[in-house]
Amino acid sequence: MHRLLARQVRKLGMKAHTPPDASQWAVLLDKISDAYQQADNDRYTLERSLQISSDEMQELFQRQKATTEGRLQALVNALPDLVFMLDEDGRHVEVIGGDEKKLFRPIAEIKGHLLSELLPANTAAFFRQAIRRSLQNSCLELLEYTLTVPVGRRTFEGRIMPTGLKVGGRQTVVFVARDITELARSRDELEHIATHDALTGLPNRTLLDERLRQAVARARRRRNYGALLVLDLDRFKQINDSLGHQIGDELLQEVAERLRRACRQEDTIVRFGGDEFVIILEDLQVESAAAGAAQHILDAFGEPFRLAGFELEVTASAGICMFPENTPRDDELLRHADNAMYAAKDAGRNRYAFYTEELGGNALAFLALESRLRKAIDDAELRLFYQPQFRLRDGALVGVEALVRWPGAQPEHRSPAVFIPVAEMSGLIEPLGLWVLEEACGQIVRWQQAGFDFGQVAINLSCRQLNNPLLAERVKHILARHRVDGSLLEFEITESMVVKEGGIAHANLEAFNGMGIRLAIDDFGTGHSSLVNLKRFPLRRLKIDRSFIDGLGEDSNDEAITSASIALAKQLKLEVVAEGVETETQAAFLRRHDCEVVQGFLYAKPMPAAEIDWRFAPNATLGRGSA
Ligand code: C2E
Ligand code: MG
Ligand code: MG
């Protein structure tokens with residue numbers, strides 16, 4: 001080292017006879033020491049490596065005695081590291097020390113050579129860049145790199161520090177290389193364990209966030225699409241519970257394998273937990289490609305799973321949220337895809353559903369509500385309530401309106417005003433409507449047997465029902481089965497439903513008329529029926545909408561509409577029913593204008609059949625609502 005330093009000193013332009021200066025050593029070693037000490041968080045300091053105290057080292061540096069040189073050299077050689085001095089071009093101007101065994105060649109061979117002569121081009125370039133950065137910013141550069149050496153592939157950690165010394169007019173750095181292969185291996189193993197699912201070997205949710213963030217950024221940059229797909233096995237719990245966890249685990253492993261085969265190499269498949277998987281699909285040129293990919297993934301479940309002698313048919317449901325469009329916030333993506341997955345399940349499982357901005361939560365809420373309603377109909381959870389109608393003149397009970405109730409629904413869905421439109425749009429109104437009719441007929445028979453005079457039972461018909469060419473036939477059939485006379489029924493339809501003459505709806509209305517069923521126009525005033533239309537159909541009653549009754553005594557518009565409606569009904573020879581009467585003021589107005597029938601909370605709320613029986617006593621008079 002003495003010789004090396006002498007040469008170094010010469011290169012630095014010092015006179016040949018200048019005695020080797022310990023301060024030169026001190027500078028270099030200082031840098032090495034800095035390189036260690038500055039490595040943040042890492043207690044990997046020179047003192048530690050050398051197992052000497054700071055004080056002792058200070059002393060070593062400061063004493064600057066010739067004897068120190070030898071000792072310092074010994075210390076450097078004792079380092080587990082290779083220490084080089086490189087110039088800005090990447091030339092090994094000095095090999096300060098280290099373990100030749102780690103270098104796999106004599107240290108002397110390296111000296112004077114460029115990095116590019118000793119290392120693969122990529123690695124050499126990588127080092128040169130780091131040297132440049134270190135010199136430019138006067139800072140420590142930390143690198144991790146792998147090299148293939150005679151004993152195999154090894155991982156190294158490199159630390160680069162500027163020395164502040166020039167050699168041959170070029171800046172220099174100290175380069176310390178340490179073999180961290182074992183450390184890196186256990187670190188990587190730990191990292192793998194922390195980020196992967198032990199059962200399936202797939203990445204786990206800790207990796208998802210980062211991968212998703214990168215995928216969204218890439219899609220933005222490349223101006224294409226990605227899709228986040230949440231996939232959940234259908235009825236996995238049943239399999240797990242009935243066949244045991246062992247088989248459940250095997251099933252999950254096989255699912256992971258099939259997913260791997262169904263996806264592309266670059267797609268990320270994550271086991272999110274339980275039987276839920278999340279897949280990030282990237283590089284989709286058109287949005288519809290996500291649908292194709294989703295179907296392909298679901299098709300992977302087409303073949304039965306053969307596990308421990310069982311042949312299991314397993315399906316999955318998937319929810320998809322496209323990005324980058326649907327990502328006002330990246331963390332919403334997963335929630336959207338998850339909701340879409342539940343919608344797919346609600347819509348009957350073994351399918352996928354998209355989250356889309358336009359439909360947004362409404363479409364999902366609609367699908368979810370639809371499936372709950374379907375279940376409620378199947379499980380006979382619906383109930384029919386009845387709201388009495390009274391003749392205003394003498395308080396006699398003249399009829400009841402049947403109104404469907406869904407007691408088990410979530411509070412926000414409990415109103416028929418919410419779930420009837422869903423039933424209407426989804427087609428569920430057909431089974432629901434038939435159930436209402438059956439139920440009402442059954443009740444009519446019970447009331448008849450009990451000797452109650454209930455007038456007639458009004459039933460609401462929806463637009464879809466009315467336009468079903470089979471409706472009249474079905475109604476006839478149900479009436480016949482219960483032996484109920486058509487005159488005991490009234491069908492309520494809304495103005496907007498009374499459409500074309502000669503159409504299916506018209507034919508149905510005629511048929512009902514033929515069966516003696518009375519017809520009423522519901523919610524009158526809210527649609528756009530023309531007088532001509534009203535005259536054309538065999539109507540018997542007109543129900544003024546609750547929204548007009550509401551304003552009686554307060555709003556002159558509502559009063560004008562109500563009185564005009566009553567006058568119109570009289571001219572058309574229709575009976576008028578005022579709906580939603582809540583106050584005495586409203587009742588007084590209606591009495592003054594000669595409205596015939598009233599229905600509203602002032603008199604009675606809709607209630608179960610059992611609660612209104614007493615009202616059918618022959619002398620029933622206007623009573624107060626009880627339910
Ligand atoms: P609708 O046929 O106009 O029924 C009258 C609605 O007004 C009922 O609401 C009733 O509870 C309510 N109501 C009656 N009196 C008062 C009152 O004094 N104050 C207030 N605030 N409300 C009053 P409901 O039961 O929520 O039904 C809403 C709508 O749902 C019904 O309007 C009807 O269009 C539809 N619907 C209900 N049951 C059926 C059914 O079985 N089939 C069909 N197709 N539609 C139904
Ligand atoms: Mg009604
Ligand atoms: Mg109404």
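Trainee: Two strands pair if DSSP finds at least two bridges between them; how many bridges join β4 to β5?

Mentor: Nine bridges join strand β4 (residues 152–167) to strand β5 (residues 170–179), and the two run antiparallel. Strands (E, at least two residues) are DSSP runs, numbered from the N terminus. This is a predicted model, in which local features need pLDDT of at least 70, side-chain atom pairs count only at pLDDT 80 or more, and totals for chains, interfaces and linings use all residues. Residues are numbered from 1 along each chain, chains are lettered from A and ligands numbered from 1 as written, and side-chain values use heavy atoms, without hydrogens and water.

Trainee: Which residue of β5 is the bridge partner of E157?

Mentor: R178 in β5 is the bridge partner of E157.

Trainee: And what is the strand order in that sheet?

Mentor: The five strands form an open sheet in the order β2-β1-β5-β4-β3, with antiparallel pairing. At its edges stand β2 (92–97) and β3 (141–149), each of which pairs on one side only.

Trainee: How do β7 and β8 pair, and over how many bridges?

Mentor: β7 and strand β8 (residues 276–284) pair in the antiparallel sense, over five bridges. As an example of residue-level pairing, T268 has I280 in β8 as its bridge partner.

Trainee: A change of topic: what coordinates the magnesium ion, ligand 2?

Mentor: E401 (OE), N460 (OD1), E492 (OE) and D522 (OD) coordinate the magnesium ion (ligand 2), at 2.0 to 2.3 Å. Along the chain these donors follow the spacing E-x58-N-x31-E-x29-D. Donors are N, O and S atoms within 2.8 Å of the metal (3.2 Å for Na, K and Ca); water is not among the atoms, so sites may look incomplete.

Trainee: Where in the chain do E401 and E492 lie?

Mentor: E401 lies in strand β14 (residues 397–405) and E492 in strand β16 (residues 489–494). The two are 91 residues apart, and the pair links distant parts of the chain.

Trainee: What does D522 bridge?

Mentor: D522 bridges two magnesium ions, ligand 2 and ligand 3, which lie 4.1 Å apart.

Technical notes:
Helices (H or I, at least four residues) and strands (E, at least two) are DSSP runs, numbered from the N terminus. Two strands pair if DSSP finds at least two bridges between them.
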